[in-house]
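Trainee: Could we go through this model together? I would like to begin with the secondary structure.

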Amino acid sequence: MLIYMLATAMTVAMLIATVFGLHQEAERVRAKVTTKRFEGFGPRKPHRNF
């Protein structure tokens with residue numbers, strides 16, 4: 001019984017750590033995006049009609 005409780009506690013701890021890490025990563029990306037100006041999707045190539 002004790003091993004199941006320890007496994008459950010470790011699973012919950014890992015889920016909380018994962019959620020916390022994802023939250024921090026999202027905040028860092030959000031801060032990076034707001035400080036950098038969007039410059040499009042790369043160099044534009046001239047359109048050619050055949």
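Trainee: Which helix does Leu 2 lie in?

Mentor: Leu 2 belongs to helix α1, which spans residues 2-35. Please note that this is a predicted model.

Trainee: How many helices and strands are there in the chain?

Mentor: The chain has 1 helix and 0 strands.

Trainee: Back to Leu 2: is it buried or exposed?

Mentor: Leu 2 counts as exposed because its relative accessibility is 61%, and the cut-off for exposed is over 50%.

Trainee: Which residues form a nonpolar patch with Leu 2 on the surface?

Mentor: Ile 3, Tyr 4 and Leu 6 form that patch together with Leu 2. The accessible area of the four together is about 490 Å².

Trainee: And what percentage of the 50 residues is buried?

Mentor: Buried residues account for 0% of the chain. The chain exposes about 5,600 Å², of which carbon and sulfur atoms supply 68%.

Trainee: Changing topic, how many salt bridges are there?

Mentor: The count is 2 salt bridges. In one, Arg 28 pairs with Glu 25, with the closest N and O atoms 2.3 Å apart. In another, the side chains of Arg 30 and Glu 27 meet at 2.7 Å, N to O.

Trainee: Why are Arg 28 and Glu 25 separated by about one helical turn?

Mentor: They are 3 residues apart in helix α1, so about one helical turn separates them. Arg 30 and Glu 27 are also 3 residues apart in helix α1, with about one helical turn between them.

Trainee: How exposed are Arg 28 and Glu 25?

Mentor: Arg 28 is exposed at 54% relative accessible area, while Glu 25 is partly exposed at 37%.

Methods
Residues are numbered from 1 along each chain as its sequence is written. This is a predicted model: local features need pLDDT of at least 70, side-chain atom pairs count only at pLDDT 80 or more; totals for chains, interfaces and linings use all residues. Side-chain values use heavy atoms; hydrogens and water are left out. Patches are made of residues with over 30% relative accessible area and no salt bridge: like charges are joined within 9 Å, nonpolar side chains (Val, Leu, Ile, Met, Phe, Trp, Tyr) within 5 Å. Accessible areas come from the Shrake-Rupley method with a 1.4 Å probe; for residues, only the protein chains shown count as cover. Helices (H or I, at least four residues) and strands (E, at least two) are DSSP runs, numbered from the N terminus. Buried means under 20% relative accessible area, exposed over 50%, partly exposed in between (1.4 Å probe, protein chains only).
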